[in-house]
Amino acid sequence: MSAARNTNVDSPELVPNGPAAAAILSAGIGSFAMALITVLADRSAAFKLLLTFSKPVGPLSGVTTIAVVLWIAAWIFLDLLWKRRDLRLASIGWVAIVLFALSLLLTFPPLGDLL
Amino acid sequence: MEITSHSFWTLIHGMGFGALYLLAGSGALIELRHRFYPSGANQDRTRGRFLGWYLAAMAALAWLTVLTGTYLIYPWYRTPPPAGTANLAAYPRAFLLAHPSTSAWHSIGMEWKEHVAWLVPIAITMAAVVAIRHRNQLAHSVSLRVTLQSFVVLSLVAAGIAGFFGAMLDKAAPVDGGAQIQIVKEYGK
């Protein structure tokens, strides 16, 4: 166990970057899911009602719970898929950054309302 | 000197967890910047470990901020007033929406704040896990460092937006009420 750890410390290139890529992309997916659900909830009163998991908190409780569940699910799925793979981290990083930046913009109500 | 319990928790949420997150963010950026210029393998390892746990502390702050904000303070903010209530000061959401000059603080400010704040723990939890699990790769991979640095910056932007609107909303329509907490009984009389 300690030998394996030492190998990783001295030879980082031996560790696949797939799990890091999975964590990064899933953060982008989770953020974008949050923005998308927010926009959809603003479009439909029925959907908004469905998202009211907690009455005192209102639809925000459903929006955030679903987004967090989707984020964790995407993370687990991608981690299992990529745990032994080496991927182009730069491309995946940029996709995740763009998704996150879009989420920042889409949650801004005047922009979300344009969709 | 007294404070209400609702004001006290608003203070803990904003000035405690939220403001501390913003302050910690600048430290994280400096630490990530240091890693662009590694000055020795041993120092790198120590720094990598430190960075991971530093980001984990920031993630804890981010989660505490959104959870207290969403499940403790937001319900007080959005409590509907009983029918026929003339003075809406104790009902911040209704108070803001009742006046055309203040309604945008809710419809833009609070609506953006309540959602954008939740992007912060997602970004910083990812950054913390990656910095802890892949700290050796972090010292060697420029892409990984650039991505992590970008996510820390974006999380600070999101936290800044939430913090700004939180402060402005609390000025326009403070969340107040609950039990009185006495801080100092009498002073300078």
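Read along the sequence, chain B of the predicted model follows the pattern β-α-α-α-α-α-α-α-β, its secondary structure amounting to seven helices and two strands. Helices (H or I, at least four residues) and strands (E, at least two) are DSSP runs, numbered from the N terminus. Residues are numbered from 1 along each chain as its sequence is written, and chains are lettered from A and ligands numbered from 1 in the order in which they are written. In this predicted model, local features need pLDDT of at least 70 and side-chain atom pairs count only at pLDDT 80 or more, whereas totals for chains, interfaces and linings use all residues.

The C-alpha trace of chain B spans about 70 × 45 × 25 Å along its principal axes. Of the 189 residues in chain B, 41% are buried (20 or more other C-beta atoms within 10 Å of the residue's own, C-beta atoms being placed from the backbone). Among contacts in chain B with a separation of 6 or more, 82% join residues 24 or more positions apart; two residues are in contact if their C-beta atoms, placed from the backbone, lie within 7 Å.

Ala128(B) lies in helix H5 (residues 119-133) of chain B and counts as buried because it has 25 C-beta neighbours inside 10 Å. Leaving aside neighbours within four places in sequence, Ala128(B) is in contact with Gly52(B), Leu55(B), Ala56(B) and Ala59(B). The C-alpha atoms of Ala128(B) and Leu55(B) are separated by 4.7 Å, although the two residues are 73 apart along the chain.

Between the chains, 35 residues of chain A are in contact with 35 residues of chain B. On the chain A side, the elements giving two or more residues are helices H1 (2-10), H2 (18-43), H4 (59-82), H5 (89-106) and H6 (109-112). This side divides into 25 nonpolar, ten polar and no charged residues (Ala, Val, Leu, Ile, Met, Phe, Trp, Tyr, Cys and Pro count as nonpolar, Asp, Glu, Lys and Arg as charged, and the others, Gly among them, as polar).

Within chain A, H2(A) and H5(A) pack at an angle of about 20 degrees, with their axes 8 Å apart (axes are lines fitted to C-alpha atoms, for helices over the stretch in contact, and angles run from 0 to 180 degrees between N-to-C directions). H2(A) is therefore roughly parallel to H5(A), a term for angles under 35 degrees. By class, their contact has 18 nonpolar, four polar and no charged residues.

Technical notes. A residue is buried if 20 or more other C-beta atoms lie within 10 Å of its own, exposed if 12 or fewer, and partly exposed in between; C-beta atoms are placed from the backbone. Angles under 35 degrees count as roughly parallel, over 145 as roughly antiparallel, 65 to 115 as roughly perpendicular and the rest as oblique.
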